[in-house]
Amino acid sequence: MRKGLWEILRDCELVEKRAIDPFLFDVKRVLKKVREIHPRLSSLEDHCLDAKVLNAISRVLSLQGTLLKFQSSSLYSSPEVLKGIIERLTPEDLAEAFLKSWHPIVELERITVEGIQEGLSYWSSLKPYEERRRRIESKGGILPRGVDEAYLERIGIVREDFMRKMRDYFEEIVKRSKDGRLRYWDFVRAPSLGEVVERAYYASFLISYGFVSLEVIDGNLEISLRGGRAKGGGMGVSVPISISEEGVGGYSG
């Protein structure tokens, strides 16, 4: 008698500890068993144990109710129900469901036999390049050709004042240099930032064209009339020079 109550109490504790599925606890069957035991209880201790068992069963019922509310709010379906639904699907329905739920985050492209055949068919259908080129030429159009400085000047790429200004700046460097050298910042400094940028701009072309060279002497950048463009197959090096308004303010050339 008491052994049966202790067994029910142990099962309730296992449910509360989540050692077994709460819905595997058959409340109806357990209550029937408690009713059968109850008439045979005689001592106070037996009735206390019976009350303890009923209290444990009520906690299991409360736990089952909480789980049911959670599952219904999250559209939960038990594995057995899902298994039955999947088994009743046709292969077409199963494939459609898979495609609707398939969200790949990685794509791998590979050349397939069909892709190779399609490419081979395309290139095989093309006529030889010489024949296609003759057809393009026969339809007119402008063919590639060389251009001279006059043409570049006419379309605005090369202007006469550019060459004149570069010549004027070169003559200024020659005039102001001492022993063939002039400090770079002494040359580019001007009353306004715009003039500084312009002088630096033309200085870069004078250096690139080899009229002068840029050297570092005792930590200072100096323009030299002796160096010119690198000779003997040497390669030029790009030298970025930062110009800021604060850095040139208060100076004049």
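**Salt bridges and a helix pair**

Arg59 is partly exposed, at 35% relative accessible area (partly exposed lies between buried, under 20%, and exposed, over 50%, with a 1.4 Å probe and protein chains only). The model is a predicted one, where local features need pLDDT of at least 70 and side-chain atom pairs count only at pLDDT 80 or more, while totals for chains, interfaces and linings use all residues. Numbering runs from 1 along each chain as its sequence is written, and side-chain values use heavy atoms, leaving out hydrogens and water.

Arg59 pairs up with Glu16 in a salt bridge, with the closest N and O atoms 2.6 Å apart (the cut-off is a side-chain nitrogen of Lys or Arg within 4 Å of a carboxyl oxygen of Asp or Glu). This pair ties together distant parts of the chain, with Arg59 in helix α3 and Glu16 in helix α1 (residues 2-16), 43 residues apart; helices here are DSSP runs of H or I with at least four residues, strands are E runs of at least two, and both are numbered from the N terminus. Glu16 is partly exposed too, at 34%.

A search of the whole structure turns up 12 salt bridges. One of them joins Glu222 to Arg181 at 3.8 Å between the closest N and O atoms. That pair also spans distant parts of the chain, Glu222 sitting in strand β3 (residues 220-224) and Arg181 in strand β1 (residues 181-183), 41 residues apart. Glu222 is buried at 11% relative accessible area, whereas Arg181 is partly exposed at 26%. Asp168 and Arg164 meet in another salt bridge (3.4 Å, N to O); they are 4 residues apart in helix α9 (residues 160-176), so about one helical turn separates them.
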